[in-house]
Structures are given as C-alpha cells and as structure tokens.
Amino acid sequence: MKSTKFGKYGGQYVPEVLMPAISELASAYESYVRKNQDGFMDDFFARLKKFGGRPTPLYKAERLSEKYGKEIYLKREDLVHGGAHKLNNALGQCLLAKYMGKERVIAETGAGQHGTATAMAASYLGLDCEIYMGKKDINRQRPNVFRMEINGAKVNPVERGSGTLKEAINETLRDWSKSVDTTHYVIGSVVGPHPFPKMVRDFQSIISQEAREQIQEEVGRLPDSVVACVGGGSNAMGAFYNFLQDDQVNLIAVEAGGKGIETKLEGRIAHHSASLTIGREGVLHGARTKILQDEDGQIVESHSVSAGLDYAGVGPELAYLVDEGRVIPRTIGDKEAIEAFFLLSEMEGIIPALETSHAIGYLENHVEGDLGEVVIVNLSGRGDKDVETVMEESHRLGIKNRTTDRVGRGI
Ligand SMILES: Cc1ncc(COP(=O)(O)O)c(C=O)c1O
C-alpha cells in the first residue's frame with residue numbers, strides 16, 4: 001500500500017463505517033490522479049482552463065514593490081472562476097466523483113468559498129450538492145450562502161459548538177458515513193484522512209506549477225520567497241509544492257494570529273488559529289497533525305477575523321514540512337490583516353479576501369531576512385464577500401480611513 005503519512009503526521013484515523021469509502025477513494029486517487037487513468041488529469045486540466053479560467057496571471061504589484069523596495073509578484077488566484085483558488089480542488093474532486101460513478105457531493109465550508117466552488121462545479125457537472133456551514137460563518141459570509149443556493153446547492157446550517165469550520169467538517173463526515181454508496185465528500189483543504197491531503201495538494205499544485213514558470217520568464221530566476229496564508233493549508237501547499245526542492249526559496253506560511261498568540265486560553269477558547277506555530281500533535285478529522293488543544297488534549301475553539309483561517313488544525317503535510325524546517329510558520333493578527341486589506345485595495349486596485357490579507361500583511365510585518373528581493377504572494381481569493389465584516393471589525397479595532405470614517409458617521 002502507498003504511504004498514507006508524512007513522517008509521523010497524516011494517516012487514516014476514521015470510524016469503521018468510513019473505511020470502505022476511504023479505501024475506494026484511495027484507489028481512485030492512485031489510478032485517476034496519479035496514473036492518469038482514462039485521461040482523467042488531461043480532462044481536469046482542460047476543464048480548469050475552459051471553466052476555471054486558468055492559467056492565472058503572475059502580476060507585478062508595481063506600487064507595493066516600490067513601497068517595500070522589493071519585487072513583489074501576486075499569483076492571481078482571485079481571478080479563478082468563483083474568486084478563489086478553491087475551484088482548483090472542487091473541480092478536481094467533483095470530476096473524480098463523476099468518474100467514480102457518484103451522483104451526489106457534499107462539502108463543508110468556512111468562508112463559503114469552498115462551498116461556492118463545490119456548488120459551481122457540481123452544477124457544471126450535473127451532480128446533486130449539499131453544503132454544511134457553521135451558523136457563525138453563515139452570518140459573517142452571507143453573500144457566499146446566496147451564491148451556493150443560486151447555484152442549486154442546499155446549505156445546511158450547523159449550530160453545534162462554535163458554529164465554525166470544525167463543526168461543519170464533523171457534520172459532513174456524519175452525512176458521509178450514511179451516504180457513502182452514492183456520495184463523495186469534497187473536502188475543502190489539505191486536511192482529513194489519506195488520500196485527501198495528497199489529493200487536494202495535487203489539484204492545487206497547478207498554482208506553483210504555473211508560478212514557477214512565470215517567475216522565471218519575468219525575472220530569469222526563482223523567487224527568494226513564496227508567501228501564502230494558512231487555514232487548512234490548501235492554497236499554501238499549492239503555492240509551495242513545486243518549489244519544495246528549491247532550498248534557496250523560503251516558503252512562508254502565514255497563520256491567523258487573531259488577537260495575539262501570546263494570549264492565554266480562556267476555558268476552551270483560543271484567541272488565534274496558530275496551529276502550525278504553537279499547536280501540539282494530536283488527531284483531528286481523521287489525521288495526525290498539529291492542533292490547538294488544552295492541557296488535557298481537548299481541542300479548543302480557534303479564532304480569526306477571517307472565517308477561512310478559523311480552524312484549530314492544519315494539513316498534516318504542512319505540519320511535517322514545518323518540523324523538517326522547510327516551511328517557516330509566521331502569524332499575522334486580525335488588525336494587521338484588515339490594514340493589509342485596505343492597503344492592497346488602495347494601492348493596487350485589488351480587494352483581497354480577509355484570509356489572503358494575512359499573507360499581504362506579512363509584507364509590512366515580516367521578520368528580517370525572510371523575504372529577500374523577489375517575492376511571490378499567493379493572492380488566494382478576492383474580498384467582495386468580506387466587505388461587511390471588514391466594516392464592523394474596523395470599527396471594533398479602531399482602524400481609521402475614509403470608508404470607516406464615513407460608516408462611523410452613519411452616512
Ligand atoms: C480566499 C481564501 N484563502 C484561503 C483560505 C484558507 O484555506 P486554505 O488554507 O485551505 O487555503 C480560504 C478558505 O476558505 C479562502 O477562502
């Protein structure tokens with residue numbers, strides 16, 4: 001059997017009822033994705049191009065470059081159909097479901113971008129689609145809830161626990177354990193039991209495949225660093241994967257520092273989502289990985305202003321790469337992320353997703369020596385969905401500019 005692990009991380013920690021589905025998926029992954037059986041990968045790449053709008057540009061952010069005295073390139077995943085990198089994976093998995101003869105797909109979503117991408121791909125391929133989403137996330141990402149429904153998906157609110165991504169994944173796994181014969185679970189990040197972390201990474205690795213060629217065309221060499229935000233880790237793994245062998249390229253994973261990683265646990269509540277930086281080894285959602293947990297090993301509630309980074313775990317391959325010293329984990333807090341949201345919008349005419357704003361915020365708040373001269377930032381998604389949250393949170397955090405001032409005056 002092919003390895004299900006990354007060093008000590010990963011594996012398949014699932015209840016007995018899910019094992020047949022996981023095994024069926026693992027063998028479909030080996031044949032269709034790894035060995036291109038029936039031309040699956042050719043079909044996938046062709047559809048990514050026609051339906052997804054790939055390749056995405058690698059765009060030199062001229063004014064940011066000038067501001068920071070570096071060459072800053074943005075990999076424009078915000079221009080993928082649907083507005084985020086999430087479609088790369090959702091389309092791959094929905095297509096795989098089709099090849100496997102499934103009629104229905106289910107998915108969890110945090111920021112709603114993965115749910116939206118899955119709903120779009122399902123509608124495009126003629127599959128039934130149901131999405132599980134935490135109550136808190138439904139409230140903070142309303143535009144995406146409408147988008148999923150308009151694309152024909154049923155959105156199921158999840159009220160348990162903190163009403164965020166962790167509970168949404170639990171509910172989707174519960175559905176899957178009852179519906180495996182007809183249904184494929186389109187997981188939204190490089191998390192979960194094998195083969196999900198490898199499969200999602202493979203579908204997302206198109207990001208670094210394109211970026212590696214594009215940067216060499218632009219500047220005649222590899223970048224000094226690649227920066228990406230991390231929720232579960234799919235845009236980061238996609239952006240890093242084809243640079244893993246290039247030791248001179250720093251790979252920087254930016255997690256949500258929330259209200260500060262030095263803040264203490266309050267009961268079972270953490271004020272950040274920095275599982276790579278200060279998480280401890282444990283098992284969550286079918287995989288061994290780094291997790292935010294209390295002294296008794298209970299998983300705690302995470303926090304981030306951005307729904308898509310608000311997760312107590314992280315992909316097992318990233319946990320492994322951090323231990324190996326290949327990926328550098330860093331954190332950016334709620335306030336710095338919102339400041340970066342405004343900065344990119346004002347200086348480059350691009351409104352980034354709040355998740356992505358953490359990666360942008362790292363340019364301003366970086367550790368000396370990390371970035372070098374030529375930097376690629378993975379612009380994982382666009383921020384239209386976040387405008388309301390940004391207005392509310394800016395007020396709370398005392399961020400002042402023309403927009404927040406006008407809103408503050410009730411105009
Ligand atoms: C635009 C965007 N970027 C990043 C993320 C974080 O997910 P991941 O770490 O899997 O890329 C999300 C999750 O919803 C997202 O919507």
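**Around the ligand**

I began with the shell around the ligand, whose residues divide into 7 nonpolar, 13 polar and 2 charged. For these classes I count Ala, Val, Leu, Ile, Met, Phe, Trp, Tyr, Cys and Pro as nonpolar, Asp, Glu, Lys and Arg as charged, and the others, Gly among them, as polar. A note on the source: this is a predicted model, where local features need pLDDT of at least 70, side-chain atom pairs count only at pLDDT 80 or more, and totals for chains, interfaces and linings use all residues. Residues are numbered from 1 along each chain as its sequence is written.

Which of the 22 residues around the ligand come nearest? I found Q113, G231, S234, G308 and G381. A residue is near a molecule here if its C-beta atom, placed from the backbone, lies within 6 Å of it.

Next I checked which elements give two or more residues to this shell, and they are α5 (113–125), α11 (234–240) and α15 (354–364). Of the elements, α11 gives the most, with 3 residues. Helices (H or I, at least four residues) and strands (E, at least two) are DSSP runs, numbered from the N terminus.

**Two domains**

I then looked up the domain assignment, which gives domain 1 (17–51 + 86–200) and domain 2 (58–82 + 205–405). The bounds come from an automatic or database domain assignment. I see a distance of 23 Å between the C-alpha centres of the two domains.

Where does the ligand lie relative to the domains? Both domain 1 and domain 2 give residues to the shell around the ligand, so it lies between them.

**Helix pairs**

Two packed helices are described by the angle between their axes and the distance between the axes. My axes are lines fitted to C-alpha atoms, for helices over the stretch in contact, and angles run from 0 to 180 degrees between N-to-C directions. Angles under 35 degrees count as roughly parallel, over 145 as roughly antiparallel, 65 to 115 as roughly perpendicular and the rest as oblique. A crossing is left-handed if the near helix is turned anticlockwise from the far one by less than a right angle, and right-handed if clockwise.

I took α5 and α7 to start: their axes come within 8 Å and cross at roughly 15°. That makes α5 roughly parallel to α7. Their crossing is left-handed. Q113, G115, T116 and A119 of α5 meet N144, R147 and M148 of α7. I sort the residues of this contact into 2 nonpolar, 4 polar and 1 charged.

I turned to α4 and α5, whose axes come within 8 Å and cross at roughly 40°. These two helices are therefore oblique to each other. α4 passes α5 in a right-handed crossing. Among the residues in contact are L87, A90, L91 and L95 of α4 and H114, A117, A121 and L125 of α5. By class, I count 10 nonpolar, 3 polar and 2 charged residues here.

I finished the pairs with α2 (residues 40–50) and α4 (residues 86–99), whose axes come within 10 Å and cross at roughly 135°. That makes α2 oblique to α4. The crossing is right-handed. From α2 the contact uses F40, D43, F44, R47 and L48, and from α4 it uses N88, L91, G92, L95 and Y99. The contact has 6 nonpolar, 2 polar and 2 charged residues.

Most residues other than glycine have a negative phi, and most peptide bonds are trans. I noted N36 with a phi near 55°, a positive value in a residue other than glycine. N36 sits in the loop between α1 (19–34) and α2.

Which residues does a cis peptide bond join? I found R54 and P55, with omega about 0°; P55 is in the loop between α2 and β3 (58–60). The bond from H194 to P195 is cis too, with omega near 15°, and P195 is in the loop between β8 (183–185) and α9.

Methods: Contact = placed C-beta atoms within 7 Å.
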